[in-house]
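Please look at the sequence and the predicted model shown here. The paragraphs that follow go through some of its helices and strands.

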Amino acid sequence: MSDIWDIIIVGAGPAGLSAAIYAARSKLKTLLIEKTKTGGQASTTEEMENYPGFAKGTTGPELMRAFTEHAKHFGVETVKNEVISIDAENKLVRLKDGSELKAHALILAPGCVPRTLGVKGEIALRGKGVSYCSTCDADFFTDLDIVVVGNGDAAVEEGNHLTKFANSVTIIVIHDEGVLDAAPVLRERAFNNPKIKFIWNSTIAEIKGEGIVESVEVKNIKTGELSEMETNGVFIYVGSVPQTGFLKGCVDLDSYGYIITNEKMETNIDGVFAVGDARTKYLRQVVTAAADGAIAAVAAEKYIIEEEGFRNFVLDERRPVAVVFWSPMDEVCINVMPLIEKTIASYDGEFKLWKMDTYRNQRIASRFGIKENPAILFFKEGELKSRLNSKEITENAIKACLNKLI
């Protein structure tokens, strides 16, 4: 494996895989780290009819296998390991086995896991009738009676899927009768499914059973009344929890633990991006996760090119450097550039001139507070020594700054 990667992607759900495809296709050395299997929560979703171009006959696992093969096709390397922590500033990833990996840029795609109810019996009977994944466990409940807890897209969609196996599916909903938070087409499908029943204004207070699920205690949230209902299984869909515990103190998180980003998927740390369900966003779907990954990979590529260019041609340059921030579309810049070039050339190569298009190098321009073109920054041995803003640029002012660097 490489000593230093161009991009390391943490998490191989649809967002991470999409980022890997775009990064590797751009000839960037790309490493994908996943602690379990590729595909994330999407690989546990049976129905995938809302991903564009796949209206019928495609499951979550099938789509995620296609994502994975696509990434492999472009040469993405994958490591199965768990990320314990990251050093965001230095782009360093620490793994559970004690190893450390370094990159020029990081893309964080840790995803989410299903939220638990936190009721008595849930943990003890997990895998013994309590499930969070119909794709994984539906066939274990063939011809049995099961309960689904939740009222959103996932609960209603998976409830419909479970009727292909179960004798009956009872969906326990916290809202008033007829109110579901699912998409209209999913609601209609569930209401018309003869195998689905609903219990409204209710939640589960306890899951009971000796070794396996045998019943649930249902609580009416309006009356407080408790009733026991026999069932062979409980499928829980009450939201997700972002897997960002290892990122606390590294990048900015919101009060729920989701990673805060801008529209370019940039976190508050330069060169660290976040994508998928674990970031703050309006819609968490495979299609939006894939879009996140594509955006982050392109943004990361531009970041690497911009940062490496600035380091190679300015910070690591032995001669003093005059960096001119300008725009070839700006008339003022075009008119003043000959003066700048002629003045610096008069020192017979003692100084290096480096021109930076402000539009193409917005990150560097922002870092140095460039608000108006043109501007000249004077560096020596990688350190900013002086600067001239647009209205200060004259031949004498340029020479005064250059003379200070000698």
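Helix α6, made up of residues 286-315, lies across β18 (321-326), β19 and β20. Relative to β19, helix α6 runs at about 160°. Another helix, α9 (residues 395-405), packs on the sheet as well, where it touches β20 and β21. The direction of α9 makes about 10° with that of β20.

The sheet itself is open and has 4 strands, in the order β19-β18-β20-β21, with mixed pairing. At its edges stand β19 (352-357) and β21 (383-388); each has a single partner strand, so one side of each is left without a neighbour in the sheet. From one strand to the next, the twist averages 25°.

Within this sheet, strand β20 (residues 375-380) and β21 run antiparallel and are joined by 5 bridges. In this part of the sheet, Ile376 stands opposite Leu388 in β21.

Elsewhere in the chain numbering, two further helices can be followed. How do the axes of α4 and α5 cross, and at roughly what angle? The axes of helix α4 (residues 153-162) and helix α5 (residues 184-191) come within 9 Å and cross at roughly 40°. Because of that angle, α4 counts as oblique to α5. The crossing in which α4 passes α5 is left-handed.

On the α4 side of this contact are Asp153, Val156, Glu157 and Asn160, which meet Leu186, Arg187, Arg189 and Ala190 in α5. By type, the residues of the contact of α4 with α5 divide into 3 nonpolar, 1 polar and 4 charged.

Key:
Residues are numbered from 1 along each chain as its sequence is written. This is a predicted model: local features need pLDDT of at least 70, side-chain atom pairs count only at pLDDT 80 or more; totals for chains, interfaces and linings use all residues. Side-chain values use heavy atoms; hydrogens and water are left out. Axes are lines fitted to C-alpha atoms, for helices over the stretch in contact, and angles run from 0 to 180 degrees between N-to-C directions. Helices (H or I, at least four residues) and strands (E, at least two) are DSSP runs, numbered from the N terminus. Angles under 35 degrees count as roughly parallel, over 145 as roughly antiparallel, 65 to 115 as roughly perpendicular and the rest as oblique. A crossing is left-handed if the near helix is turned anticlockwise from the far one by less than a right angle, and right-handed if clockwise. Contact means heavy atoms within 4.5 Å. Ala, Val, Leu, Ile, Met, Phe, Trp, Tyr, Cys and Pro count as nonpolar, Asp, Glu, Lys and Arg as charged, and the others, Gly among them, as polar. Two strands pair if DSSP finds at least two bridges between them.
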